[in-house]
Amino acid sequence: MSMPFGYASPEQIMRDKADYARKGIARGRSVVVLQYEDGILFVAPNPSRALHKVSEIYDRIGFAAVGRYNEFEELRLGGIRYADINGYTYDRSDVTGRGLANLYASNLGRIFTESIKSLEVEVVVAEVGDTPEGDAIYRLTFDGSVFDEHGFAAMGGQAEAVATRLKEGYREGMPLADALEVALTALTEPGGERPPVGQLEVAVLDRNREHRKFQRLAGPRLERLLAAAPPAATPPAAGGSPLESEPGSDTPPPTGPEGDVDDGSPPL
Amino acid sequence: MASHRDLPVGLMDQLFHNTGSSSFTEFVGSRAPGLLPVRGEVLATPIGDQVPHATTIVAATFAGGVVMAGDRRATSGNIISQRDVEKVFRTDDYSCMGIAGTASTGIEMARLYRVELEHYEKLEGRTLSVNGKANRLAAMIRGNLGMAMQGLVVVPLFAAYDADRDGGRIFSYDVAGGPYERDRFDAIGSGSIFARGALKKLYRDGMSADDTVMALIQSLYDAADDDSATGGPDVTRKIWPIVSVIDADGFRRLSDDEVAGYVEQMLELRLISPDGPIAPLR
């Protein structure tokens with residue numbers, strides 16, 4: 001049987017798209033999102049002060065992304081429109097992180113299947129609740145898969161290595177300074193140098209704030225927090241290549257066509 | 001039939017299209033106009049007298065900020081329709097607005113305006129300048145002119161902390177828009193003439209925030225004294241005026257207990273001198 005010229009099987013197309021997206025995402029630096037006692041902390045090494053990787057979507061909802069800036073910026077703007085329209089139409093309390101995660105999932109999934117090029121982004125939608133039990137962290141990958149993360153999430157280049165280090169340091173109900181320390185330790189390769197304060201983008205969703213919970217931490221405030229952190233008990237560098245040392249990892253890898261197949265059931 | 005307030009079909013697909021504008025009202029106006037307050041409707045009869053009206057709002061600047069206060073009464077004609085209505089709204093971290101006129105239209109305007117400011121701030125990553133905020137509100141009032149001509153008048157008072165000047169600023173409006181920047185203090189609503197008269201005698205340049213709050217509470221009392229649509233402090237029900245202070249630390253609404261402190265102090269003195277503080281003649 002002769003193949004039509006230029007034929008590629010759907011499996012091949014999907015695999016190529018997924019590889020392409022993964023490569024794009026892996027080129028960037030990592031971003032870490034984790035719970036602390038008063039809410040959720042976002043930490044992103046980011047040399048730019050104007051092009052944010054972390055931002056506010058709504059009263060209780062924050063957004064973090066890695067990958068191509070123009071692509072996740074579009075997602076961010078769409079998310080803000082979604083949240084503001086819903087909050088205005090119904091009530092401010094009717095805007096939920098879950099709804100936003102579903103919107104992103106359907107948009108990412110559609111682009112992944114319909115477009116020639118999938119988006120090279122990975123995003124986190126985090127929502128702070130009245131209590132730590134009400135907090136939610138959703139991680140979405142380029143193909144529209146949603147992961148309901150517990151406690152922390154890492155994405156971007158070396159996401160798995162970062163997640164491993166994050167898992168080692170993470171405890172429930174950490175004070176902010178400790179959480180920041182854990183995040184920075186996770187973002188720094190063992191023996192590596194930490195990014196200077198000026199190149200860190202740090203923000204929190206603080207449940208104790210009134211009205212809008214999202215707040216950027218920068219300048220003197222961030223320096224004070226970093227100084228308040230317990231002396232960096234540099235964890236003994238986890239030996240071995242982190243990429244191979246995680247056979248039974250809790251967080252499944254981003255699903256490509258060869259991974260878990262999205263069976264069409266609602267992502268959440 | 002679905003109410004006009006339901007999200008229109010297909011809107012979700014439009015969220016990711018760049019509209020080239022950071023205005024929430026413009027985006028909704030072009031993609032889902034049904035969500036905005038209906039304009040251009042012609043009412044069979046003016047209903048201005050039948051819907052609750054919000055009354056007196058006062059505001060005054062002090063060294064490093066601005067205070068806005070409002071009474072709690074809403075009236076429909078000669079009826080007091082609500083005793084504890086809230087007419088001073090936080091619009092973002094450094095600004096607030098008070099409404100006089102048709103309560104429902106004003107509340108809706110305040111809600112939309114808050115989203116408008118926040119939407120810009122989130123999309124652009126910067127807050128609007130104080131002038132920008134004041135102008136934006138003027139456009140919204142202008143948009144309501146058609147309804148205002150039919151009796152649904154709403155006129156806000158806008159106050160904001162301006163970081164560039166480290167001070168508060170006050171803007172007033174008329175039914176066709178504005179803004180008109182006011183020096184030192186201003187009042188709107190049915191009791192505003194009395195409140196403004198009182199503030200003229202009570203306002204001092206360089207007052208502290210504490211003294212400014214007291215001056216505003218005094219002026220609201222004077223307004224309630226002479227205007228039937230303005231409510232005085234309701235001692236038996238413990239309903240106090242709403243007082244909001246905006247300074248470099250942002251917007252803060254005083255708690256009921258704090259306001260009660262000021263009111264009690266004032267009432268005690270009014271028992272001796274019912275017309276309030278007496279300004280020196282020379």
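How many residue pairs are in polar contact between chain A and chain B? The count is 9 residue pairs, both residues being at pLDDT 80 or more; a polar contact is a pair of N or O atoms within 3.5 Å, where within protein one must be able to donate a hydrogen and the other to accept it, and residues adjacent in sequence count only if both atoms are side-chain atoms. This is a predicted model, in which local features need pLDDT of at least 70 and side-chain atom pairs count only at pLDDT 80 or more, while totals for chains, interfaces and linings use all residues. Residues are numbered from 1 along each chain as its sequence is written, and side-chain values use heavy atoms, with hydrogens and water left out.

**Interface of chain A and chain B**
- In chain A, 27 residues are in contact with 29 residues of chain B (heavy atoms within 4.5 Å).
- In chain A, A:Arg81, A:Tyr88 and A:Arg212 lose the most area to chain B, together 34% of what that side buries (accessible area, 1.4 Å probe, lost on being put together).
- The two chains bury about 2,600 Å² between them, summed over both, with 56% of it on carbon and sulfur atoms.

**Salt bridges**
- The interface holds 4 salt bridges (a side-chain nitrogen of Lys or Arg within 4 Å of a carboxyl oxygen of Asp or Glu).
- A:Arg92 forms a salt bridge with B:Glu118, with the closest N and O atoms 2.6 Å apart.

**A:Arg139**
- A:Arg139 is buried, at a relative accessible area of 6% (buried means under 20%, 1.4 Å probe, protein chains only).
- Its side chain makes polar contacts with the side chains of A:Glu122 (2.7 Å) and A:Glu149 (2.5 Å).

Methods. Chains are lettered from A and ligands numbered from 1 in the order in which they are written. Buried means under 20% relative accessible area, exposed over 50%, partly exposed in between (1.4 Å probe, protein chains only).
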